[in-house]
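Please walk through the following structure, from its overall fold to its packing details.

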Amino acid sequence: MQPRHLVPADALVPADALAVPPADGSPADHAVGLAHFNSLPFAAAEAAFLECCGSLRWAHRMAAHRPYPDLGALLAASDEAGYDLAAGDIAEALAAEPAPCLHHDAPRAAHLALRAAHAAYESRFGHAFVICLDAYTPAQHVDQVLAGIRVRMEHEVDEERAVTADELRRLARSRIVELMTADPGQ
């Protein structure tokens, strides 16, 4: 993930300070990372949450409601905070989202197709296209993004706003799990 917001230098925490031991998916692994995360200074937790969702309101709320007893409670709080976002908060989060992109070695035609699809989507809806690709292998990402844009271009503005908000919530959940289970060697 790339930084999305400027944060004060004293709020920054070295990446290895946020990392936890390698996880095998068991609740105990999450709890170790969560306990560490719950103990971070407020500004550091807020900055880390901003990497999960680019809404300052969402990140502030998530950091303020610590400590979380377990990963399930953290993810439920993330969903609840996501459902409570106003249109301006969603716009802020969307502005912070990088557009899904291709590896530089991908064929030029694929880069052009993806760029054109993104431009058409942004022209229609006024914001970046977001999609959570957790269920797909990296080799499937381009096809899923292009198919997603094609399908979602048919949506009415209100319908697409709801789908986009849901995708932002899914992305935040995925990034939270990644944050809580990161391998310190990465």
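The paragraphs below go from the helices to the core, the cavity, the aromatic rings, the cysteines and one loop.

The model is a predicted one. The protein has 9 helices and 0 strands, so the pattern read along the sequence is written in DSSP terms as α-α-α-α-α-α-α-α-α. Of the 186 residues in the protein, 41% are buried.

The packing can be taken up through the nonpolar cores. The largest of them holds 33 residues, and the members that touch the most others are Phe37, Phe49, Trp58, Met62, Leu74, Ile176 and Met180. Two or more residues each are given to this core by α2 (27-38), α3 (42-52), α4 (56-64), α5 (71-83), α6 (87-96) and α9 (157-180). Helix α9 supplies the largest share, 7 residues. Another core, of 11 residues, lies apart from the largest one and includes Ala117, Tyr121, Ile131 and Leu133.

Next comes the empty space inside the protein. Rolling a probe the size of a water molecule over the atoms shows where such space is left. The count comes to 1 cavity of 30 Å³ or more, and the volume of the largest cavity is about 60 Å³. Its lining is made up of Cys53, Trp58, Ser78, Gly82, Leu85, Ile90, Ala165, Leu168, Arg169 and Ala172. Helices α5 and α9 are the elements that give two or more residues to this lining, and α9 gives the most, with 4 residues. By residue class, the lining of the largest cavity divides into 7 nonpolar, 2 polar and 1 charged.

The aromatic rings come next. A search of the whole structure finds 4 aromatic pairs. One of these joins Tyr121 and Phe125, whose ring centres are 4.8 Å apart with 45° between the planes, a tilted arrangement. Both residues, Tyr121 and Phe125, lie in helix α7 (residues 108-125), 4 residues apart, which is about one turn of the helix. Tyr121 and Phe125 are both buried.

How are the rings of Tyr121 and Phe129 arranged? Their centres are 5.1 Å apart and their planes stand at 80°, so this pair is edge-to-face; the cut-off for that class is over 60 degrees. Tyr121 has a relative accessible area of 0%, and Phe129 counts as buried at 1% relative accessibility. Tyr121 therefore takes part in a tilted pair with Phe125 and in an edge-to-face pair with Phe129. Elsewhere, ring pairs link Phe37, Phe49 and Trp58 into a cluster.

The cysteines can be treated briefly. A disulfide is a covalent bond between the sulfur atoms of two cysteines. How many disulfides are counted here? The count is 0. For Cys52, the nearest cysteine sulfur is that of Cys53, 8.4 Å away. Cys52 counts as buried at 1% relative accessibility, and Cys53 counts as buried at 4%.

The last stop is the loop between α4 and α5, where Arg66 lies. Pro67 has its place in this loop too. A cis peptide bond joins Arg66 and Pro67, with omega about 5°. Is Arg66 buried or exposed? Arg66 is buried, because its relative accessible area is 15% and the limit for buried is under 20%. The C-alpha atom of Arg66 is separated by 9.0 Å from that of Phe42, a residue 24 positions away along the chain.

Terms used: Residues numbered from 1 in each chain as written. Predicted model: local features only at pLDDT ≥ 70, side-chain atom pairs only at ≥ 80, totals over all residues. Heavy atoms only, no water. Core = buried A, V, L, I, M, F, W, Y, C linked by side-chain atoms within 4.5 Å. Buried < 20%, exposed > 50% of the residue type's maximum accessible area, 1.4 Å probe, protein only. 1 Å grid on protein atoms, 1.4 Å probe; cavity = no way out; pocket = protein on both sides within 12 Å on 5 of 7 lines; lining within 4 Å. Points joined across faces, edges and corners; volume = space filled by probe spheres on them. Nonpolar A, V, L, I, M, F, W, Y, C, P; charged D, E, K, R; others polar. Phe/Tyr/Trp six-rings, centres within 6.5 Å; stacked < 30°, edge-to-face > 60°. Disulfide = S-S within 2.5 Å.
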